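Subject: Handing over a structure

Dear colleague,

I am passing on a structure for you to look through, and below it I have written out what was found. Please keep it open beside the text as you read.

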Amino acid sequence: RRVHTRLLFPRANKPETHIKMQNDDGEIVDIYMPRKCSATNTVIGAKDHASVQINVALVDPESLRATGESTTYALCGALRSMGENDDALNRLTQEDGILHKVFDPRFKK
C-alpha cells in the first residue's frame with residue numbers, strides 16, 4: 001500500500017491548506033508509527049536517531065541461499081550506547097532459531 005499526501009483546498013478564497021496523509025484507498029493514516037525495541041520492549045521515540053532496524057535474512061539450510069524472507073529487529077539507541085546491541089541481537093536470533101550455539105554469558109559452565 002502506498003501512502004501519499006494530498007493538499008485539500010476547501011474553498012478557493014481561503015488560503016488555509018489542510019494536509020492529510022491518505023493511502024490509495026482514501027483512508028486517513030498517521031504520519032508516524034512508533035516502534036518498540038525488540039530487546040527491551042520500550043517504545044522507540046521519534047527523536048531517537050541512534051536507533052536501528054535490522055532485517056536478518058532467512059537462509060535455506062540445504063542450498064545455503066536466502067529464501068527472500070526476513071526477520072526484523074528494532075534496537076533502541078539507549079541499548080546501542082551501552083554497547084549491548086550485539087549481545088541482544090545474538091539473544092534474539094537464538095530465541096527465533098536463526099543462530100545456533102552462539103556464546104551466551106548467561107550459560108557459563
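Helices, which need at least four residues, and strands, which need at least two, are DSSP runs numbered from the N terminus. The model is a predicted one, and in it the chain has 2 helices and 6 strands, which follow one another from the N terminus in the order β-β-β-β-β-β-α-α.

The chain as a whole has 109 residues, of which 17% count as buried. Its exposed surface comes to about 8800 Å², with carbon and sulfur atoms supplying 52% of that area. Among the contacts with a separation of 6 or more, 29% are between residues 24 or more positions apart.

Is Ser-51 buried or exposed? Its relative accessible area is 14%, and because buried means under 20%, Ser-51 counts as buried. The side chain of Ser-51 makes a polar contact of 3.3 Å with the side chain of Arg-35, and a polar atom of the Ser-51 side chain also lies 2.9 Å from the backbone oxygen of Asp-48. Leaving aside residues up to four places away in sequence, Ser-51 touches Arg-35, Ile-44, Leu-75, Cys-76 and Gly-77.

Next comes charge pairing. Side chains of opposite charge can pair when their charged atoms come close. The structure holds 1 salt bridge, and it joins Arg-91 to Glu-95, with the closest N and O atoms 3.3 Å apart. Both Arg-91 and Glu-95 belong to helix 2 (residues 85-95), where they are 4 residues apart, about one turn of the helix. Arg-91 is partly exposed at 23% relative accessibility, whereas Glu-95 is exposed, with a relative accessible area of 53%.

Last, there are two backbone angles to check. Most residues other than glycine have a negative phi. Asn-41, however, has a positive phi near 65 degrees, and Leu-64, which is not a glycine either, has a positive phi of about 55 degrees. Asn-41 lies in the loop between strand 3 (35-36) and strand 4, and with a relative accessible area of 51% it is exposed. Leu-64 lies in the loop between strand 5 and strand 6 (66-75), and Leu-64 is exposed as well, with a relative accessible area of 66%.

Note on methods. Residues are numbered from 1 along each chain as its sequence is written. This is a predicted model: local features need pLDDT of at least 70, side-chain atom pairs count only at pLDDT 80 or more; totals for chains, interfaces and linings use all residues. Side-chain values use heavy atoms; hydrogens and water are left out. Buried means under 20% relative accessible area, exposed over 50%, partly exposed in between (1.4 Å probe, protein chains only). Contact means heavy atoms within 4.5 Å. Accessible areas come from the Shrake-Rupley method with a 1.4 Å probe; for residues, only the protein chains shown count as cover. A polar contact is a pair of N or O atoms within 3.5 Å; within protein, one must be able to donate a hydrogen and the other to accept it, and residues adjacent in sequence count only if both atoms are side-chain atoms. A salt bridge is a side-chain nitrogen of Lys or Arg within 4 Å of a carboxyl oxygen of Asp or Glu.
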